[in-house]
Amino acid sequence: MKILVTGANGFVGKNLIAELKNRGYKDILKCTRETTKIQLDEYTKECEFIFHLAGVNRPKDEKEFMEGNFGFTSELLDLLKKNNNKSPVLITSSIQAERDNSYGKSKKAGEDLLFNYSKETGVKVYVYRLPNLFGKWSKPNYNSVVSTFCYNIARNLDIQINDPEVELNLCYIDDVLDEFMKVLENNPTKEGEFCIVPVSHKVKIGRLAELIQSFKESRKDLSIPNMEDPFTKKLYSTYLSYLPEDKFSYPLKMNIDNRGSFTEFIRTPARGQVSVNVSKPGITKGNHWHHTKNEKFLVVGGEGLIRFRKIDSDEIIEYRVSGEKLEVVDIPTGYTHSIVNIGDTDMVTIMWANECFDPENPDTYYLEV
């Protein structure tokens, strides 16, 4: 299938083209501001489906709204008629089309044009009144509060909030793409004459800013956002796409001594703590037990011996572990335990504990195995 995408260099266009390629669509005709009328004429002869994403939302002159959102749509449909091309057309409109402003009027005019075109020609059309969109590759400080907040907060720049109680209706770009793929299968989600993206998220602008700020702080407190919440998961992925290219990495506090090092990596109240333990050859760590705290040890480099003894028993249990054969060893409560590096190189152990370390209540009691 030859697919024409207008607005191919825009936020939705770039994401759509990437996903079309992921799905095996290779013949994509890209229409951008640089595309000539001659090229567009050729495209409208060849194409078998049109994603009409091009539009104007931040013009220098308000008259450009109608020129870009109505005029170009009219030009596109005229070419399709001239070339007798009955390809289905999907157009991205806006919830602003319901409002009495220059942008909304231009979007409404584009919608009406398409509906009339469908009545006249019998061509299938899909009109999506999209809410505010967010996701990777959206231009900051332009028309997306999410991208602006993500970009500025990641760079320690100020953000402006006039009323934190204002509620936004947001739609994630991947949810938009999933819906658009359904249209290619002739299975759109419809409400009356309009098509909709069935997944959206309502959030107050103050809460939005708090969440994005918490993502930035997570590098310091080692927390992980609540990935069980779909909106938080999508927003965090979006935030990471706006990190400065020289700030992808961040340091961890390493506790180093002559035995090796111990470094906390992730701390989550709901899912526990992950740390990295490095032991020099011959070094033994541990020799303690816990009432309730439990751990998982995973040696990923070197060789070690994990030893257990129930605190009221003399029997010693041993597990030999190695980075050559990855296996997790559970550390049960009530057993004093130790881990010794029996190899010739540093031993690296990933350690998970069911709770974050609390110096006021460590639940750790020294006792040699």
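**Entry 1. Lys45 and helix H2**

In which helix is the place of Lys45? I found Lys45 in helix H2, residues 37-46. Before going further I noted that this is a predicted model, in which local features need pLDDT of at least 70 and side-chain atom pairs count only at pLDDT 80 or more, while totals for chains, interfaces and linings use all residues. Residues are numbered from 1 along each chain as its sequence is written, and side-chain values use heavy atoms, with hydrogens and water left out.

I took helices (H or I, at least four residues) and strands (E, at least two) as DSSP runs numbered from the N terminus. Lys45 counts as partly exposed because its relative accessibility is 44%.

I then listed contacts, meaning heavy atoms within 4.5 Å. Apart from residues up to four places away in sequence, Lys45 touches Asn83 and Asn85.

**Entry 2. Salt bridges**

How many salt bridges does a search of the whole structure find? The search finds 19, a salt bridge being a side-chain nitrogen of Lys or Arg within 4 Å of a carboxyl oxygen of Asp or Glu. Side chains of opposite charge can pair when their charged atoms come close.

Glu42 and Lys45 are separated by about one helical turn, because they are three residues apart in H2. An α-helix has 3.6 residues a turn, so residues three or four places apart point the same way. Glu42 is partly exposed, with a relative accessible area of 34%.

I next examined Lys204, which forms a salt bridge with Glu165; the closest N and O atoms are 2.7 Å apart. Lys204 lies in strand S10 (residues 201-204) and Glu165 in the loop between H5 and S7, so this pair ties together parts that are 39 residues apart in sequence. Lys204 is partly exposed, at 37% relative accessible area.

A further pair is Glu318 and Arg307, with closest N and O atoms 3.2 Å apart. Here strand S17 (residues 316-322) holds Glu318 and strand S16 (residues 303-310) holds Arg307, so the pair ties together parts that are 11 residues apart in sequence. Glu318 is partly exposed at 46%, and Arg307 counts as partly exposed at 24%. I also recorded one network, in which salt bridges that share partners join Glu19, Arg23 and Asp178.

**Entry 3. Helix H5 and Cys150**

Is helix H5 mostly covered or mostly uncovered? I found H5 (residues 145-154) mostly covered, with eight of its 10 residues buried. Among the buried residues are Val146, Phe149, Cys150 and Ile153. Their cover includes strand S6 (132-134), strand S7 (167-172), helix H7 (205-221) and helix H8 (230-240). Just after H5, Asn156 takes a positive phi of about 60°.

I searched the whole structure for disulfides (pairs of cysteine sulfur atoms within 2.5 Å), and the search finds zero. Cys150 is accordingly in no disulfide, and the nearest cysteine sulfur, that of Cys171, is 16 Å away. Cys150 counts as buried because its relative accessibility is 0%.

**Entry 4. His290**

Where is His290 found? I located His290 in the loop between strand S14 (284-289) and strand S15 (295-301). His290 is buried, with a relative accessible area of 1%.

For polar contacts I required a pair of N or O atoms within 3.5 Å; within protein, one must be able to donate a hydrogen and the other to accept it, and residues adjacent in sequence count only if both atoms are side-chain atoms. A polar atom of the His290 side chain lies 2.7 Å from the backbone oxygen of Asp363. The side chains of His290 and Thr364 are joined by a polar contact of 3.4 Å. Leaving aside neighbours within four places in sequence, the residues in contact with His290 include Glu295, Thr333, Gly334 and His337.

Note on methods
Buried means under 20% relative accessible area, exposed over 50%, partly exposed in between (1.4 Å probe, protein chains only).
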